[in-house]
Amino acid sequence: MDFNENQINRYARHILLPEVGGTGQAKLLRSSVLVVGAGGLGSPLVLYLAAAGVGRIGVVDADVVDLSNLQRQILHTTDRLGLSKVESARAAVAAINPDVVLEPHAVRLTAENAEDLIGAYDLVADGSDNFATRFLINDCCHFLGKTLVSAAVLRFDGQISTFRTHAGGPCYRCLYPEPPPADAVPTCAQAGVLGSVVGVLGSLQATEVLKELLGIGRSMAGRLLILDALGGGFREVRLKPDPHCPLCGEAPRILDLSPHHHQPSVSPCEAEHVG
């Protein structure tokens with residue numbers, strides 16, 4: 001594609017990179033990403049994807065902006081308290097980059113809408129805050145052959161990985177076969193979180209999304225990166241496909257039961273809350 005003068009100036013630092021260049025920048029402008037959750041992780045993720053020129057960004061979140069969000073959710077501002085988070089995200093993106101279209105989805109992700117939402121984008125980034133949503137996203141990405149970049153944060157700790165079962169990699173269930181019992185793991189609202197730690201993981205997530213869209217570097221597929229912010233260090237754990245995985249193993253117990261096939265659901269997980 002031909003860049004206008006404003007675009008050449010805007011993306012100059014990308015175009016200078018041999019791994020990106022004009023061809024890569026044009027690819028980003030043609031790409032689409034679905035971000036689930038416009039909260040702590042979704043905030044830096046959406047901002048960096050928009051600044052990078054990812055042409056179409058969908059954001060799924062049913063919440064409104066609350067004062068308690070602003071300690072870490074830098075996508076939102078004090079003057080947008082009470083506004084839908086996805087509309088707040090759209091305003092923020094419009095102020096950053098007019099090349100980018102933000103598509104707001106002010107809904108909870110459920111088994112009934114997950115296939116349509118996820119299927120409409122090239123790649124999915126999970127910034128949700130509960131296990132039901134995480135398993136639902138993973139299962140749907142597996143069935144639709146979509147790459148999933150997933151991050152999670154609690155207190156001073158975080159982790160990130162990429163899941164590409166369509167390329168032979170492990171899925172989220174290879175790491176965690178089933179959701180933990182209800183209330184077994186506290187939420188950030190219950191246990192707290194250092195806002196800047198969420199920013200680190202969201203920024204890493206944006207980097208991995210851009211790498212996947214551009215097809216550059218070493219993918220995080222098959223690797224789990226763990227941050228201990230209090231200790232000031234990262235460690236890496238290798239992940240392999242689990243032959244006993246209930247989703248992608250040799251004898252899967254979770255079948256593709258999407259509503260489009262007139263069956264009950266994509267997976268046994270129902271999302272209760274995203275944000």
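Guide: By class, seven nonpolar, three polar and one charged residues make up the lining of the largest cavity, where Ala, Val, Leu, Ile, Met, Phe, Trp, Tyr, Cys and Pro count as nonpolar, Asp, Glu, Lys and Arg as charged, and the others, Gly among them, as polar. This is a predicted model, in which local features need pLDDT of at least 70 and side-chain atom pairs count only at pLDDT 80 or more, while totals for chains, interfaces and linings use all residues. Residues are numbered from 1 along each chain as its sequence is written, and side-chain values use heavy atoms, with hydrogens and water left out.

Visitor: Which element gives the most to the lining of the largest cavity?
Guide: On a 1 Å grid over the protein atoms alone, a cavity is a set of points where a 1.4 Å probe fits but cannot get out, a pocket is an open set with protein on both sides within 12 Å along at least five of seven lines, and lining residues have an atom within 4 Å of a point. The largest cavity holds about 60 Å³ of space, a volume being the space filled by probe spheres set on the points, with grid points joined across faces, edges and corners. Two or more lining residues come from each of β5, β6 and α8 (172-175), helices (H or I, at least four residues) and strands (E, at least two) being DSSP runs numbered from the N terminus. With four residues, the element that gives the most is β6.

Visitor: Why is β6 largely enclosed by the rest of the structure?
Guide: Buried means under 20% relative accessible area, exposed over 50% and partly exposed in between, with a 1.4 Å probe and protein chains only. β6 is largely enclosed because the buried residues in this strand number six of the seven.

Visitor: How many bridges join β6 and strand β7?
Guide: Two strands pair if DSSP finds at least two bridges between them. D157 stands opposite D228 in β7, and the antiparallel pairing of β6 with β7 (residues 223-228) has four bridges.

Visitor: Which element supplies the largest share of the lining of the second largest cavity?
Guide: This cavity has about 40 Å³ of space, and its lining residues include C141, H142, F163 and C171. The lining comprises four nonpolar, three polar and two charged residues. The largest share, three residues, comes from α7.

Visitor: How many disulfides does a search of the whole structure find?
Guide: A disulfide is a pair of cysteine sulfur atoms within 2.5 Å. A search of the whole structure gives a count of zero; for C141 the nearest cysteine sulfur, that of C140, is 6.4 Å away, and for C171 the nearest, that of C245, is 3.6 Å away. C141 counts as buried at 2% relative accessibility, and C171 is buried at 1%. The number of disulfides found is therefore zero.

Visitor: Which element gives the most to the lining of the largest pocket?
Guide: The largest pocket has a volume of about 1,200 Å³, and among its 43 lining residues the closest to its centre are D129, N130, P186, T187 and C188. At least two lining residues each come from α7 (131-144), β5 (147-154), β6 (157-163) and α9 (188-191). With four residues, the element that gives the most is α7.
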